[in-house]
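Work through the following exercises with the sequence and the model side by side. Each task is followed by a solution that goes step by step.

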Amino acid sequence: MRARRSAAHELFAARGHAGAGIGLVNALGGTAVAFGEALGQTACTVPAVWLLVGLATAVVGARPTLRPLRWAGIVAAFGITLLGPTFRFPDWAMSISPMGHVPNITADDAPWTGLLVVGGIALALLAVGFVGFGRRDVR
């Protein structure tokens, strides 16, 4: 029962972003981005978002006392992704954010390896979180 409840929360958090990107791009209008390209690019961000959800799940599942740290991954990814290009962060610093591994699907040679690694790490973190959550003594 506890694992199902946790899974419902994680699924809601992981799926919530996909429609926002498509709607935002198409609502702006007048862009040269086709609906299919917007849909594909939005779908490519799913593993990166799952990694952030997985990190939060792993923190809460493995060490419930560290719950405030579940936001650290989101804040770090936000800061690196938005401020990194402005302040010209080096490539190694930009690659800390899972969003840095999302390929541009319109490019001829889009690198998919990083996205697959991010997806694998996301699944591992979710597994750690679910196992830890299932073993916790909730009072």
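**Exercise 1: a pair of helices**

The axes of helix α4 (residues 46-62) and helix α7 (residues 113-135) come within 7 Å and cross at roughly 25°. This is a predicted model, in which local features need pLDDT of at least 70 and side-chain atom pairs count only at pLDDT 80 or more, while totals for chains, interfaces and linings use all residues. Residues are numbered from 1 along each chain as its sequence is written, and side-chain values use heavy atoms, with hydrogens and water left out.

Task: determine how α4 and α7 are oriented to each other, and which classes of residue make up their contact.

Solution. Begin with the angle, which is taken between N-to-C directions on a scale from 0 to 180 degrees, the axes being lines fitted to C-alpha atoms over the stretch in contact. Angles under 35 degrees count as roughly parallel, and α4 and α7 are therefore roughly parallel to each other. Next, consider the handedness: α4 passes α7 in a left-handed crossing, a term used when the near helix is turned anticlockwise from the far one by less than a right angle. Then list the contact (heavy atoms within 4.5 Å), to which α4 contributes residues including Trp 50, Leu 55 and Thr 57, and α7 residues including Ile 121, Leu 125 and Phe 130. Sorted by class, the contact of α4 with α7 has 17 nonpolar, 6 polar and no charged residues, where Gly is counted among the polar ones.

**Exercise 2: a loop serine**

Task: decide whether Ser 97 counts as buried or exposed.

Solution. First locate Ser 97, which lies in the loop between α6 (91-94) and α7. Its relative accessibility is 2%, and Ser 97 therefore counts as buried. Finally, leaving aside neighbours within four places in sequence, Ser 97 is in contact with Ala 77, Ile 80 and Thr 81.

Key. Helices (H or I, at least four residues) and strands (E, at least two) are DSSP runs, numbered from the N terminus. Angles under 35 degrees count as roughly parallel, over 145 as roughly antiparallel, 65 to 115 as roughly perpendicular and the rest as oblique. Buried means under 20% relative accessible area, exposed over 50%, partly exposed in between (1.4 Å probe, protein chains only).
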